[in-house]
Structure formats: structure tokens, C-alpha cells
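This briefing is meant to be read with the sequence and the coordinates open.

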Amino acid sequence: MYKNYVFFHIINGDIMRKVLIIVGSRREGNCYTFGKRLMTELKKERIPVTSITPGNQKIHLCTGCMDCDQTGVCDFHDDMMENILKVKDADILIFLTPVRWNTLSGDIKIFMDRLNPLYASKELEGKKLISIAIGAKEKELYSSEGAITTLGSFAESAGIKVILHDTIDHCLNVEDLNEKEEAVTKLIEKIVKRIKNI
Ligand SMILES: Cc1cc2nc3c(=O)[nH]c(=O)nc-3n(C[C@H](O)[C@H](O)[C@H](O)COP(=O)(O)O)c2cc1C
């Protein structure tokens, strides 16, 4: 089993980084488009990547029962069970969140709360985080910074290291990201480079 693990993680002499992209908007809008393009570029680099959109799954809200603090598992049997396995398996988590009321989306927050079993078992520790917030307002209003700061606090609490964060602004409607070709291409290049340089 150990041999298989090593084989899977080492290709061409490089240690591979398994990436999980968490798309924080359930519509096929700007986060979705960014995630799809990022996945294509990571795959070109032969970096293992998968993505989930928690908003389109069946995920119960955390009730705060705290059972997972004792047991390391959640009492709910829903799509979060599969997500937990994917998070465990990933070395790098990439959160793509739409900015909502100067912070991250409710879908991401619900997902974060349901990661508490992995916090309890310390299985988030040592993972890496890339956080990208996409919002409508201009950068100067710092609206998207709220989302980045919240993701940073989550990472700090969980023992996760933030290796890159950035924002894309002036995106309101679903198609708006397509008008920002240069900025999107540059940011995707930056993310791929950062992952390759770990
Ligand atoms: C309820 C709600 C609140 C929002 N609040 C903000 C905000 O505070 N700042 C901002 O820049 N954009 C805000 N927006 C705009 C979204 O961030 C923007 O439409 C973004 O592109 C959505 O990403 P998506 O296309 O992936 O859903 C808000 C949108 C909604 C629906």
C-alpha cells in the first residue's frame, strides 16, 4: 500500500500536489468559469485536480452538536461524507468564493462548518490554501478583502497555510469574467506557478 501511495504521488521525479477546488457559487457564473479554466490549466501540468460545488449538493447545516469533537465524524449522512474524503486526500485546497455582503458565500461557510470533524481530528493541519474572491465592486472598496480575511482566519484556526490569495473585481453578471481575459490568465498562471513551486 505504501508503495502505491508513493507511485501515485511521484511522477517524473516530482512530488505531485493533489488539488481540490471548492466552488463557492452554485450558478454557472464567474467562480464556475474561473474554476473550469483553472482545472484545465492544472491538468495540462499533470497536477491531479478535482472540484466540488457544495451549493449544488445535499449538505445539512451544522447543528453545533459537537459530537464530531469526540468522534471525529459527523452524525449526518449526506454529500459531505464524500467531500470529507476528498479534503483528506487533497494537499492543496482552492476556495473560489463570490463576494456576498463583503464576505464569503453562505455555501462556503456551510462547507467550512461541516469540516469540523477534520479540525477535531487535526487532519486539516499541514494542508495548503489558495483563496480567490470574485466580486462586483472595485478593489478600492475592499469588499472582497472581507472574504479573503475570513478564509485566512479559517486557515489559521485549522492549521492550514495560506500560500496565495487574490481577488477579481468588477464582476457582477455571469459573463463578466470573460471580459477580464488578461487578468484571469495572469492569475491562473500565478496559481499554477505557485503550486508547482511548493
Ligand atoms: C446577495 C449578494 C450579495 C453581494 N454582495 C457583494 C459585495 O458585498 N461586494 C461585491 O463586490 N459583490 C457583491 N455581490 C456580487 C457578486 O459577488 C458577483 O455577482 C459575483 O460575480 C458572483 O460570483 P458568481 O458569478 O460566481 O456567482 C453580491 C451578490 C449577491 C447575490
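Predicted model: local features only at pLDDT ≥ 70, side-chain atom pairs only at ≥ 80, totals over all residues.

**Helix packing, ligand shell and overall form**

The axes of H2 and helix H8, which covers residues 181–196, come within 10 Å of each other and cross at roughly 50°.

**Contact of H2 with H8**

- The crossing in which H2 passes H8 is right-handed.
- On the H2 side the contact is made by Phe34, Arg37, Leu38, Glu41 and Leu42, and these residues meet Val184, Ile188, Ile191 and Val192 of H8.
- Sorted by class, the contact of H2 with H8 holds 7 nonpolar and 2 charged residues, with no polar residue among them.

**Shell around the ligand**

- Of the 20 residues around the ligand, the ones that come nearest are Ser25, Gly29, Cys31, Pro98 and Gly135.
- Two or more residues of this shell are given by each of helix H2 (30–44) and helix H7 (143–158).
- H2 supplies the largest share of the shell around the ligand, with 3 residues, and H2 is also the helix that meets H8 through Phe34 and Leu38, among others.
- By class, the shell around the ligand comprises 10 nonpolar, 7 polar and 3 charged residues.

**The chain as a whole**

- The chain contains 8 helices and 7 strands.
- Its radius of gyration is 17 Å, close to the 16 Å that the globule rule gives for 198 residues, so the chain is as compact as a globular protein of that length.
- The C-alpha trace spans about 45 × 45 × 25 Å along its principal axes.

Key: Residues numbered from 1 in each chain as written. Near = placed C-beta within 6 Å. Helix = DSSP H or I, 4+ residues; strand = E, 2+ residues; numbered from the N terminus. Nonpolar A, V, L, I, M, F, W, Y, C, P; charged D, E, K, R; others polar. Axes fitted to C-alpha atoms, helices over the stretch in contact; angles between N-to-C directions. Left-handed = near helix turned anticlockwise from the far one by under 90°. Contact = placed C-beta atoms within 7 Å. Rg over C-alpha atoms; globule rule 2.2 N^0.38 Å.
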